[in-house]
2 protein chains.
Amino acid sequence: MAKTAGIVIIGNEVLSGKTQDTNSHYLCKELRALGVELRRISVIPDEIELIGREVVAFSREFAFVFTTGGVGPTHDDVTMAGIAHGFGVKVIHHPELERRLRERHGQNINEARLRMAEVPEGAELVGEGSLYAPAVKLKNVYIFPGIPKVLQDRFEAIKERFREAPFLLKVVYSKEGEGVIASILNDLLASFPDLLLGSYPVLDNPEYRVKLTLESKDPSYLAQAFERLLSTLPKGAVHRIEGS
Amino acid sequence: MAKTAGIVIIGNEVLSGKTQDTNSHYLCKELRALGVELRRISVIPDEIELIGREVVAFSREFAFVFTTGGVGPTHDDVTMAGIAHGFGVKVIHHPELERRLRERHGQNINEARLRMAEVPEGAELVGEGSLYAPAVKLKNVYIFPGIPKVLQDRFEAIKERFREAPFLLKVVYSKEGEGVIASILNDLLASFPDLLLGSYPVLDNPEYRVKLTLESKDPSYLAQAFERLLSTLPKGAVHRIEGS
């Protein structure tokens, strides 16, 4: 069984349509490539109670939790307070983060800037990204800011700790539509119940009508399922094949 | 108070990083423009139990629920079954949808194609999109397919039913960073507690460092808060102003 993960996107700017969240798609692709099974994404407002409840629920349900957004010096940055509230701990200034902030800002340090040192009590720093602060981890929860470039730097710095057996993927582009091949796919799944089989209609391509994805962590299981599919699709239905 | 909404995105293809969900951002922008307060987005797998539990929870919590994905003729299209399961009703063939499918496919109709007529018992059809099927509604839940063009056509056809007083928006681009203006924003919120105030750092623009968003449904409240902000920001801090 793959290890599981959940993502909590914290941000009124996403829910109100001002910003398109791209962090979750980045993390979806990265986690898949690492062999981790992402089970759920939640997008919630910048509200302490909601953040606490959601992150604690995710922490209990999944092996890894990633949060993005709500980290910063202003009134709407309440992720640290929310997570602390959820786990019933205080918000403290992390000594190492505070040291770096004082070094960076010198005599221009102020209360707002020091808020960047806030973490839930018990949190540790992990990784060394290209920016001045590493990621913050509390239990199985990794807390990232919302700015995509910063998130990506910090995730890159720690991602190897999540790696396990990869998902192997075959893609078949079918000229026949789902109405024709649905029963073939059902038969395939009856023989290969552990196959991860996706079927996605494509409206705007003149050359094929459905993209089929076959996945497994077991190479021989995947190869057998793939051969079975090719031998049961109607003659001439396969437009193109991709994958390892 | 604005009416509330939640979105449930159903799709392994999103969680596994194969497809970037664009439907939620489309709906975020549309709902905001309609004056509806979107409170939560969940992205979950194509699994009957999970879909049922999530949609019922959303239906109880929010005025409107929108689901996307998992509607179609293949094995991984289990949204209708999941929602029916959640509400404790059967999946039936909607007579009008079945009539249209039989008209469209003639003697090529088959079991897979007839699955496109499946709805939870008690569901009604709403709107008349440009494609052959309208949206499906059960209680306060609007069920859309995952293909963006189809979703957009169908949402366009019914969106006026959700319209209420709009959110009014002012945007101020600040040359000063959050470390400098955070206390000004706190003071602003102390005086205007109902203001929806967002502060978003911008890393890659040489001309300004923070995008501030001020929102309210009350034009005079927004105007007063906006004037207060302009009068309290440091001299020369405003790069640009946008908004109604």
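**Note on a predicted two-chain model**

1. In helix α3 of chain B, the buried residues are I51(B), G52(B), E54(B), V55(B), F58(B) and S59(B), where buried means that 20 or more other C-beta atoms lie within 10 Å of the residue's own, exposed means 12 or fewer, and partly exposed is in between, with C-beta atoms placed from the backbone. Among the elements that cover these buried residues of α3(B) are β1 (4-10), β2, β3 (64-68), α4 (79-87) and β8 (141-144) of chain B. The helix itself, residues 48-61, has 14 residues and reaches 20 Å from its first C-alpha to its last, close to the 20 Å expected at 1.5 Å a residue, the expected span being 1.5 Å times one less than the number of residues. Helices (H or I, at least four residues) and strands (E, at least two) are DSSP runs, numbered from the N terminus.

2. On conventions, residues are numbered from 1 along each chain as its sequence is written, while chains are lettered from A and ligands numbered from 1 in the order in which they are written. The model is predicted, and local features need pLDDT of at least 70, side-chain atom pairs count only at pLDDT 80 or more, and totals for chains, interfaces and linings use all residues.

3. The two chains are related by a rotation of 180° with 0.0 Å of shift along its axis, which superposes chain A on chain B with an RMSD of 0.0 Å; that is the relation of a two-fold axis. The superposition is by least squares on the C-alpha atoms of residues with pLDDT of at least 70 in both copies. Of the residues of chain A, S42(A) comes closest to the rotation axis, at 2.3 Å for its C-alpha.

4. The contact between the chains takes 44 residues from chain A and 44 residues from chain B, two residues being in contact if their C-beta atoms, placed from the backbone, lie within 7 Å. On the side of chain A that touches chain B, the elements giving two or more residues are α1 (12-15), α2 (23-34), β2 (37-44), α6 (111-114), α8 (178-191) and β10 (196-201). The residues on this side divide into 18 nonpolar, 16 polar and 10 charged, with Ala, Val, Leu, Ile, Met, Phe, Trp, Tyr, Cys and Pro counted as nonpolar, Asp, Glu, Lys and Arg as charged, and the others, Gly among them, as polar. Because 100% of the interface residues of chain A are also interface residues in chain B, the copies meet through the same surface.

5. Strand pairing also joins the chains: β2(A) and β2(B) pair in the antiparallel sense over three bridges, and S42(A) stands opposite S42(B). Strands are said to pair if DSSP finds at least two bridges between them. Within chain A, β1(A) pairs in the parallel sense with β2(A) over seven bridges, where V8(A) stands opposite S42(A). β1(A) also pairs in the parallel sense with β3(A) over five bridges, and there G6(A) has V65(A) as its bridge partner. Strand β1(A) is mostly covered, with six of its seven residues buried.

6. Chain A is divided into domain 1 (4-162) and domain 2 (168-243), with bounds that come from an automatic or database domain assignment. Their centres, taken over C-alpha atoms, are separated by 38 Å.

7. V126(A) is found in strand β6(A) and counts as partly exposed, with 15 C-beta neighbours inside 10 Å. Leaving aside its neighbours within four places in sequence, V126(A) is in contact with P134(A), A135(A), K137(A) and I158(A).
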